[in-house]
Amino acid sequence: MIKLSKDPDIYNILVRSFAPSIWEFEDIKKGILCQLFGGSSKKFSETGGRFRGEINILLCGDPGTSKSQMLQYVHKIAPRGIYTSGKGSSAVGLTAYITRDSDTGEAVLESGALVLSDRGICCIDEFDKMSDQTRSILHEAMEQQTVSVAKAGIICTLNARTSILASANPRESKYNPNMSVVDNI
């Protein structure tokens, strides 16, 4: 391991080692590796502000371009990796939900994917099929790195210091080069 760490070509070795069954896409693999290793969080003592160290990535491409397989690789190798599908995800499933304890009958808070992947990576496949309401829940998690819950008399803020790796198909299921990037997404 020490010998490998001193190899000047370590970056390319890691790129070739990540998802070896997926050919090409070196730039995408490099971006995902940066996400896996994480950015640098910085706190400013004068202003009390800070920079988040988590990196969020959206992979948008035509069907059959290995987006889901990349997410599966990340989910398997990330220590706190959670995989979810945008098609079947709800805002409650991403954040937290209230259930009743079968023994006591009391309300119990159950963590969703964003909270479970705190200090890890939350992989969201089929991001384009997620409802706008569910997608809007991600704003607080990405900006504030928290999830706020106010349900059944339980009011709390949970940590969601997670990086989000999402994949989506273009708007018409095929990238249209005559449209802008924003219009395709």
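This is a predicted model: local features need pLDDT of at least 70, side-chain atom pairs count only at pLDDT 80 or more; totals for chains, interfaces and linings use all residues.
1. Let's begin with charge pairing. Side chains of opposite charge can pair when their charged atoms come close. How many salt bridges does the count come to? The count comes to 5 salt bridges. Three of them are described in the next points.

2. Take a look at Asp132 and Arg135, whose side chains form a salt bridge with N and O 3.0 Å apart. Both belong to helix H7, which covers residues 132–143. Because Asp132 and Arg135 are 3 residues apart in that helix, about one helical turn separates them. Is Asp132 buried or exposed? With 60% relative accessibility, Asp132 counts as exposed, while Arg135, at 24%, counts as partly exposed.

3. Next, find Asp9 and Arg16. Their side chains also meet in a salt bridge, with an N to O distance of 3.7 Å. Asp9 is partly exposed, at 30% relative accessibility. Arg16 has 54% relative accessibility and so counts as exposed.

4. Asp62 and Lys174 form a salt bridge in which the closest N and O atoms are 3.9 Å apart. These two residues are 112 residues apart. Where do they sit? Asp62 lies in the loop between strand S3 (57–60) and helix H4 (67–77), and Lys174 lies in the loop between strand S10 (163–168) and helix H8 (181–184). Asp62 is partly exposed, its relative accessible area being 23%, whereas Lys174 is exposed at 55%.

5. Lys29 is worth a careful look. You will find Lys29 in helix H3, residues 26–37. Lys29 is buried, yet has no salt bridge.

6. What does Lys29 touch, leaving aside residues up to four places away in sequence? Lys29 touches Val15, Phe18, Ala19, Ile22, Glu24 and Met70.

7. Leu58, Tyr175, Val181 and Ile185 make a nonpolar surface patch of about 360 Å². One of these residues, Val181, is found in helix H8.

Key:
Residues are numbered from 1 along each chain as its sequence is written. Side-chain values use heavy atoms; hydrogens and water are left out. Helices (H or I, at least four residues) and strands (E, at least two) are DSSP runs, numbered from the N terminus. Buried means under 20% relative accessible area, exposed over 50%, partly exposed in between (1.4 Å probe, protein chains only). Lys and Arg count as positive and Asp and Glu as negative; His and the chain ends are not counted. A salt bridge is a side-chain nitrogen of Lys or Arg within 4 Å of a carboxyl oxygen of Asp or Glu. Contact means heavy atoms within 4.5 Å. Patches are made of residues with over 30% relative accessible area and no salt bridge: like charges are joined within 9 Å, nonpolar side chains (Val, Leu, Ile, Met, Phe, Trp, Tyr) within 5 Å. Accessible areas come from the Shrake-Rupley method with a 1.4 Å probe; for residues, only the protein chains shown count as cover.
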